[in-house]
4 protein chains.
Amino acid sequence: MVFGTAAPDTGNMEMLAAYGTDEQKRRWLYPLMNQEIFSAYSMTEPQGGSDPSLFKTHATRDGDEWVISGEKWFTSAGARADIIFLMCTNGMFVVPRESPGVEIAEYPALHNHIRYNEVRVPLDHLLGPEDGAKVLAQRRLGGGRIHHAMRTVAQVKLAFDIMCERVLSRESHGKVIAEHQMVQEAIADSYAEINMLRLLVLWTAWTIDNSSTKQARTQIAACKYTCAKVLRDVSYRALHILGSLGTTDLTPLQAMWAAAPTMAIADGVDEVHKVTVARNVLKSYQPHPGLWPTEYIPAKREEARKKYADLIAADPDLAAWADAARGRPGVR
Amino acid sequence: MVFGTAAPDTGNMEMLAAYGTDEQKRRWLYPLMNQEIFSAYSMTEPQGGSDPSLFKTHATRDGDEWVISGEKWFTSAGARADIIFLMCTNGMFVVPRESPGVEIAEYPALHNHIRYNEVRVPLDHLLGPEDGAKVLAQRRLGGGRIHHAMRTVAQVKLAFDIMCERVLSRESHGKVIAEHQMVQEAIADSYAEINMLRLLVLWTAWTIDNSSTKQARTQIAACKYTCAKVLRDVSYRALHILGSLGTTDLTPLQAMWAAAPTMAIADGVDEVHKVTVARNVLKSYQPHPGLWPTEYIPAKREEARKKYADLIAADPDLAAWADAARGRPGVR
Amino acid sequence: MVFGTAAPDTGNMEMLAAYGTDEQKRRWLYPLMNQEIFSAYSMTEPQGGSDPSLFKTHATRDGDEWVISGEKWFTSAGARADIIFLMCTNGMFVVPRESPGVEIAEYPALHNHIRYNEVRVPLDHLLGPEDGAKVLAQRRLGGGRIHHAMRTVAQVKLAFDIMCERVLSRESHGKVIAEHQMVQEAIADSYAEINMLRLLVLWTAWTIDNSSTKQARTQIAACKYTCAKVLRDVSYRALHILGSLGTTDLTPLQAMWAAAPTMAIADGVDEVHKVTVARNVLKSYQPHPGLWPTEYIPAKREEARKKYADLIAADPDLAAWADAARGRPGVR
Amino acid sequence: MVFGTAAPDTGNMEMLAAYGTDEQKRRWLYPLMNQEIFSAYSMTEPQGGSDPSLFKTHATRDGDEWVISGEKWFTSAGARADIIFLMCTNGMFVVPRESPGVEIAEYPALHNHIRYNEVRVPLDHLLGPEDGAKVLAQRRLGGGRIHHAMRTVAQVKLAFDIMCERVLSRESHGKVIAEHQMVQEAIADSYAEINMLRLLVLWTAWTIDNSSTKQARTQIAACKYTCAKVLRDVSYRALHILGSLGTTDLTPLQAMWAAAPTMAIADGVDEVHKVTVARNVLKSYQPHPGLWPTEYIPAKREEARKKYADLIAADPDLAAWADAARGRPGVR
């Protein structure tokens, strides 16, 4: 947080940089960058989870002001933010948290449940075009998802370092625990998973740099559900290897594990990202005609027989082999 | 806790019931059963994890008293207990928590780090025989492990109920989430895993009732690592399906998930129990002589040929089939 | 096969026993039981997988005969059967395999692709009522699925025995491989999984015996996808532990592994059974009213405060504790 | 095989290229490259699995010849090879398969069991230095393992293509199966796993190109066990999605699945590679002194208090916050 690279500020700054007017940038972007103010992002609604088609919060124009009513859920750090980026059905608005009508519920403590009761903001608090909320949200989330993945790489690397130091520092059953095979497997599996996640994130970031978040959306989605899984698996192994100490709050591992499921939910649940990947991947495939796939071996063998008919006719051994193969298509 | 069925009291009561003198039972067992007092169990040492061969805490007899010195780690609820069951290298002792020399460290908060500095207790505070600590500990842990498994069944059943209620109560992408296949898979997998764990625990309990904790130790060990896994998996699915609400502390799921790794550590880490199961299971097997296993197909086929030599000699078709089979041992 | 307990005959005999006339039993059931004849079960169609609503094979009555046309796929042992139980959209028929018009395609070799070209059978070759095919199929499959599970228990027990014998018979890196922890984990995991599958199958069989296949259908479905998974996992571990020998056809393990995926497909794919379990389980749950689940902690705490209002009013310490707890719902 | 890139020839050619004399290259390397001859690699011994310290096959010098005796197991394609690269305890030898004394057992059919009974070869059939077998074997296997990984990437890509084509070509329960969520998950998981494996292999190959097989041995080991896992998982999903067709030998999927376990055994079992990775990784870590890890939060907090003592002394709010935090180390 010391470095200004924490969510939700990062994503909000990206939106401001991309869609803010000069005046909006001056008023909010630079103070956010300097950490003079903090922000929140208010999107999810209690009845709607993260399916935007079910959202209801709406802004109505009334003279020089927008009047906003609705109910949002899980607005991270909403109670402590100076400004809230509020997704309405008809646009993305910047709402000072102290505006009259902003009512923050007692629960949950960290990710707030907020009611907006006829909250009034000036016209210039609309960010980007009217009705542009979904475009801004995608912009924000596309980047945000790979930020999550990058932070995950750092988290699991820390967990791995703690685990590796510990296995050299403890003994059980007559040897340092680093020499027990089940411990070695935990290290080896984590090594492979962390490096593969890191490479996946780098590949995705390289793709974004060379095209756009939109064109990299299949890869971004894969980063998102993969980092959630690796975070659970590696933080578990590290915590487990620290034994009773790992279950206390005396190291970072218990908090890392306890928070790991959030990674599979924030900015879209894994299920949604998996459907996205499947649908995008399938755009480059075609159904096969008829009953059999392109790789149907009897058909490929028949083609080969036709193509090499002259060779087979000239070589009785080859012909006998080809005839025998007909009855056992799997033999190559 | 209201019902007096919580750890660590249950296991401690079992030890008292099995090894306590009448006076010890009167003094401690009945007050524990009535919840007039609470107890702790002080076994693990900071340098030794749960490997008892590395423990150092020791009691020295001095006239009418035992004088105990040592350092224990992760004594659950030690700071709030009235009496502590303290495992020494030469016996199991009951130590009033307020005895001079009992020093409780600041961290961890719940599972205490305790130094015993020349703590004096009367002679009759030795429970069971001198040098009997390991026997009592096994007695305690054997039972304790299946108690953990039983509590786990109740926990995952609660998680399952919360998940099932929720999937009928929320919609996304045009239908109740119970109708999304990935959600259905979470329910179906949990249904099978919970029921199999429940049956495993019942089978083990039935074996204990019909023999002893000692004879059921392979099954108990399997219950222990299995319940740890099912607790992680089912609590994760339930938390995930509740989405952002699941990650808050507004339902029991976040706490269940956060504490789940403890189940794979408390009363012996999974690795130790897995080694136990493997070693016990292998006691009823013998190595095969020579290079090939008992189920080596060419040898079994040769035996069959010998056994049915008359039949084969009388039937040329069968003989031809048997000859052809020699070259393809896997064909039946 | 020697014992007459192999699919597909077992399920076909069950249908005959339940729905056959005395004459049909005399003609087909007793010869099947005596293994004088063999049978096949022809259900799946090439375009339809195992979704019966897509099936097209139909029987038309023509005087004293039914005339059947259609195309079936994956009729196990169809080419070697004496009689075929043929599922038509309007009934279940028994078709002698040598009837004119039964045309068996070259591929696949074992699970046949069969075209029925105006195949004629006498009227009394209809089994059960007209239009009763789905009822008979469910009867057949319900039982058939638990037969699969029972056979799987036997298979994985054999794999386990081979694995346990082998780990005592081989050395590597200075000790018998039974003493390597990764090997011990393979044994311990297999021990737990096999026993849990066994208990699940026994529980299901007990339920069938005390009610009906229909009432046990949730459990039967769980047996089906569970046995498929355990078969893959245990046969893999056993094969792997036998190393290069395991990959040859010199032991039963390679064939067991190679055929394992069939268990997740035959008589309904896993996906269908998982949907069944989810839907059946959810019949005993209700959606919660409003936004919060029944286990919503703040609501439960409020209820408790009301219920114990007198106690709290009388005890300032308890009142202070209860007030503090409001802000931290997860603390108990 | 058409392209000369198949095992075991590739690895053997690498050894010849690296260690062969000009004459040896002329005699064997170029004919192998032109596929005029084929080779085998004879290393594993029946009693020893792949633990070279248990090998016994030995060459004794007798005048102008080496005389080799021993027994090898699982020499892939040994029966069809022109020359066999034979690992002896005292060197790597090239043995023409038709040499007197080379006795190939009936089983297994493809990966041969060979007895070498006083087989004589000229002195110049020793490849590389005397006693150099382990060095040559490491050279061979280092490269060979990443060749396996590269071939696996191609295999799983083929499986993925077959699966993606199929899900667009079949319907069940009212929609194309590509629209069922469990199918989408199979595609999304495979997409991520295949791409991560591909990136891991590319990263490793890049490291080899910029250093050596020896320096890249941790990465190579990780490639080896990872490709074995991805091959099993992806080939399973593809086979399963093709349903009954997938279980036949009419597509490449059944053979891919059936052979998948070999990948976890050939050129070293997964267990050995995992131990290698753990040991290599741990070389860059140190045990922590004392009981607590470097990331022990109370110690880090005390350091911070000392470092910022002036700031804390000057700011009573900050001091109060710091004092409160002492009791809850996990709170940040």
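Predicted model: local features only at pLDDT ≥ 70, side-chain atom pairs only at ≥ 80, totals over all residues.

Tutor: Residues are numbered from 1 along each chain as its sequence is written, chains are lettered from A and ligands numbered from 1 in the order in which they are written, and side-chain values use heavy atoms, with hydrogens and water left out.

Student: How many residues of chain D are in contact with chain A, and how much area do the two chains bury?

Tutor: The size of an interface is often given as the accessible area lost when the parts come together. Buried area here is the accessible area (1.4 Å probe) that two parts lose on being put together, summed over both. Contact means heavy atoms within 4.5 Å. On that basis, 63 residues of chain D contact 64 residues of chain A. The pair buries about 5400 Å², with 67% of it on carbon and sulfur atoms.

Student: What is the count of salt bridges between chain D and chain A?

Tutor: A salt bridge is a side-chain nitrogen of Lys or Arg within 4 Å of a carboxyl oxygen of Asp or Glu. The count between chain D and chain A is 6. One salt bridge joins the side chains of E179(D) and R279(A), at 2.6 Å from N to O. A polar contact is a pair of N or O atoms within 3.5 Å; within protein, one must be able to donate a hydrogen and the other to accept it, and residues adjacent in sequence count only if both atoms are side-chain atoms. By this rule, 20 residue pairs are in polar contact across the interface of chain D and chain A, both residues being at pLDDT 80 or more.

Student: Which elements of chain D give two or more residues to the side that touches chain A?

Tutor: Helices (H or I, at least four residues) and strands (E, at least two) are DSSP runs, numbered from the N terminus. The elements of chain D that give two or more residues to this side are α3 (133-167), α4, α5 (217-241), α8 (270-282) and α9 (297-307). The largest share, 15 residues, comes from α4(D). For classes, Ala, Val, Leu, Ile, Met, Phe, Trp, Tyr, Cys and Pro count as nonpolar, Asp, Glu, Lys and Arg as charged, and the others, Gly among them, as polar. The side of chain D that touches chain A has 37 nonpolar, 12 polar and 14 charged residues.

Student: Which rotation superposes chain D on chain A?

Tutor: Two copies of a chain are related by a rotation about an axis and a shift along it. Copies are superposed by least squares on the C-alpha atoms of residues with pLDDT of at least 70 in both. For chain D on chain A, the rotation is 180° with 0.0 Å of shift along its axis, and the RMSD is 0.1 Å. That is the relation of a two-fold axis. M196(D) is the residue of chain D that comes closest to the rotation axis, its C-alpha lying at 2.6 Å. The copies meet through the same surface, because 100% of the interface residues of chain D are also interface residues in chain A.

Student: How many residues does the contact of chain D with chain B take from each chain?

Tutor: It takes 19 residues from chain D and 19 residues from chain B. Chain D and chain B bury about 1600 Å², 61% of it on carbon and sulfur atoms. Between chain D and chain B there are 0 salt bridges, and 3 residue pairs are in polar contact, both residues at pLDDT 80 or more. On the side of chain D that touches chain B, β3 (65-76) and α4 (181-210) are the elements that give two or more residues. Here α4(D) gives the most, with 4 residues.

Student: Is F74(D) buried or exposed, and what is its phi?

Tutor: Buried means under 20% relative accessible area, exposed over 50%, and partly exposed in between (1.4 Å probe, protein chains only). F74(D), at 14% relative accessibility, is buried. This residue of strand β3 of chain D has a positive phi of about 70° although it is not a glycine. Q35(B) also has a positive phi, near 60°. Q35(B) sits in the loop between α2 (22-33) and β1 (39-42) of chain B and is partly exposed at 28%.

Student: Where is the cis peptide bond of chain D?

Tutor: The bond from Y107(D) to P108(D) is cis, with omega near -10°. P108(D) lies in the loop between β6 (102-104) and β7 (111-122) of chain D.
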